[in-house]
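Here is my note on the chain you sent. Please read it with the structure open.

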Amino acid sequence: MTATTSSSIALSAARGNEITGLEIFKIESEHDTPERVAALMEEMFAAQPTGGEDLVYGDNAQVHRVRLWRPTVTPDIAENINSAPPPSPLIVFVHGGSWRVGTYLDSTGSAKVKHLTARGYTFASVNFSLVPTVTVEGQVQEVANALSYLVLDPGRAARLGIDPTRVVLMGHSSGAHVVTLLGTDPAYLARAGLDLRTGVRGVVALDGSNYNALAEIVDSPGSVAENLLSAIGTDPARLRAVSPTHHARAPNARSFLLLHVQRRGDIRQAVELAAALQASGTDAALHVFEGLGFEGHMQMLLRLGDPAYPATSILDIAAHGSAVRPASAPVSVVAFVMSQCPDAVDCESVLYDAWPGVDQIAQLELHYIAEHNASATYGATCRHGDNECLGNIQQLCVRHVYPDPRIWLAFVACQNKDIGRIPSRDFLEACAAEAGVSDIKRSLMPCIDGPTGVSLLKSSINTKLHAKAVKSCTIYVDYSIRCIRDGRRWYDCPGGSSAEELTKSICDLYLPDVGEAKPAACLELDL
């Protein structure tokens with residue numbers, strides 16, 4: 001492999017853009033040189049998270065340890081806290097290493113710890129016995145025991161500031177196998193005194209493998225399959241017993257988020273696991289990102305938590321996130337629209353009217369309903385043709401360049417006054433000016449006319465919440481359907497469809513921190 005090829009693979013993996021549609025299966029040969037593997041391992045060892053406190057959960061104090069990082073609190077908030085903060089959701093991390101190597105510090109990555117604790121989570125990284133000292137099944141049980149230690153005793157959970165009803169399991173590589181097995185086979189948690197159905201809100205698997213261990217032998221010939229057979233053996237019954245896919249018929253953890261890079265066999269396994277989970281009625285989402293082979297595998301570990309790494313935003317807005325949204329975290333509001341439908345205009349009008357009252361406590365996203373089409377002008381087929389696609393790109397680019405909702409919502413509201421004029425250049429300029437955007441030639445047109453706009457549209461299409469949003473407009477609040485507008489009527493709108501009623505829904509879901517007041521719009525609704 002040439003130095004140019006190696007550099008290109010490294011840059012692509014570090015960039016980590018999301019890959020969608022059938023493109024997830026188009027994987028080039030993996031080029032992992034011994035020198036690059038060694039460099040990535042050194043990078044991982046250098047990225048050990050610092051701080052935190054150690055707790056011992058088992059009978060071997062040198063091995064059975066958990067490093068716990070509490071949520072970070074900004075000084076201005078800390079000054080206003082006169083009592084203990086509310087308990088925080090807990091993320092339990094399981095490191096990788098083919099079940100044989102690694103520790104709770106040198107195989108975790110610091111970016112995710114910093115990011116998640118800053119968002120109000122307690123982060124716990126588990127150390128455990130390694131194969132061959134213990135079997136893989138014994139290793140999974142030790143992780144279950146560590147979770148039990150943290151949450152089963154109400155007094156200990158309270159002292160640690162943990163909410164035992166809001167737990168997410170996260171693992172990388174073989175650690176992803178461990179957490180998905182814990183999330184699908186209730187026996188391990190039951191032996192630790194926990195109920196899978198109520199004890200685990202979500203599972204996040206970071207570039208895992210061996211979801212279907214028997215098939216992994218064919219899916220991933222080479223080191224992945226060799227490590228599997230070395231650790232677990234060749235008994236088909238045992239291989240099935242440690243396969244999360246074989247246990248996915250339910251009960252399961254409430255939701256699963258599978259984040260993968262470009263490793264062909266493991267993507268096939270993840271597609272299969274997601275399908276099995278969804279067939280059982282379990283919420284499951286799969287997202288694939290740039291990064292070939294071991295390069296991508298390690299970038300997923302090291303860069304998750306960096307806001308510039310696309311998988312971080314997927315983690316933040318994933319469906320399971322609503323179950324563990326901490327105090328003072330914004331309520332998610334997401335609308336999916338066919339933008340040139342009159343129903344979409346009506347729907348967006350409600351969002352525009354509601355937003356000023358809740359902009360400090362909610363996070364708003366607007367996405368577009370279309371289908372991927374590599375041969376189409378803009379890489380997608382929109383219901384109302386290419387003009388709708390280009391109009392969507394214009395709106396996405398305004399949001400991309402000017403992320404303040406007050407600006408891009410004003411731009412959308414202006415275009416909605418006359419959707420027949422979208423996407424004409426004069427109308428673009430007029431609405432940009434109305435929204436306070438100047439000099440669009442330099443600020444917006446490079447995005448609209450270049451590859452960035454098409455990429456934004458593709459990403460927007462891929463966030464359709466498992467293709468459930470297919471009507472003219474669907475509004476999700478806190479990852480659940482709040483209202484649908486289609487056929488010139490509102491329906492599936494618990495609590496009503498007006499802007500005031502939407503505001504009330506957001507206010508009711510928002511959990512203020514200690515000493516924090518709700519916005520005036522919320523207080524007025526409480527009167």
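1. Contacts come first. In the chain, 75% of the contacts with a separation of 6 or more join residues 24 or more positions apart. Contact means heavy atoms within 4.5 Å.

2. Keep the source in mind. This is a predicted model; local features need pLDDT of at least 70, side-chain atom pairs count only at pLDDT 80 or more, and totals for chains, interfaces and linings use all residues. Residues are numbered from 1 along each chain as its sequence is written, and side-chain values use heavy atoms, with hydrogens and water left out.

3. The chain holds 24 helices and 16 strands. These are DSSP runs numbered from the N terminus: helices are H or I with at least four residues, strands E with at least two. The radius of gyration, taken over C-alpha atoms, is 24 Å; the globule rule (2.2 Å times the number of residues to the power 0.38) gives 24 Å for 527 residues, so the chain is as compact as a globular protein of that length. Its C-alpha trace spans about 70 × 60 × 40 Å along the principal axes.

4. Of the 527 residues, 55% are buried, meaning under 20% relative accessible area with a 1.4 Å probe, protein chains only.

5. Two strands pair if DSSP finds at least two bridges between them.

6. E15 (residues 480-486) pairs with E16 in the antiparallel sense over three bridges. Here Arg485 stands opposite Trp490 in E16.

Notes:
Buried means under 20% relative accessible area, exposed over 50%, partly exposed in between (1.4 Å probe, protein chains only).
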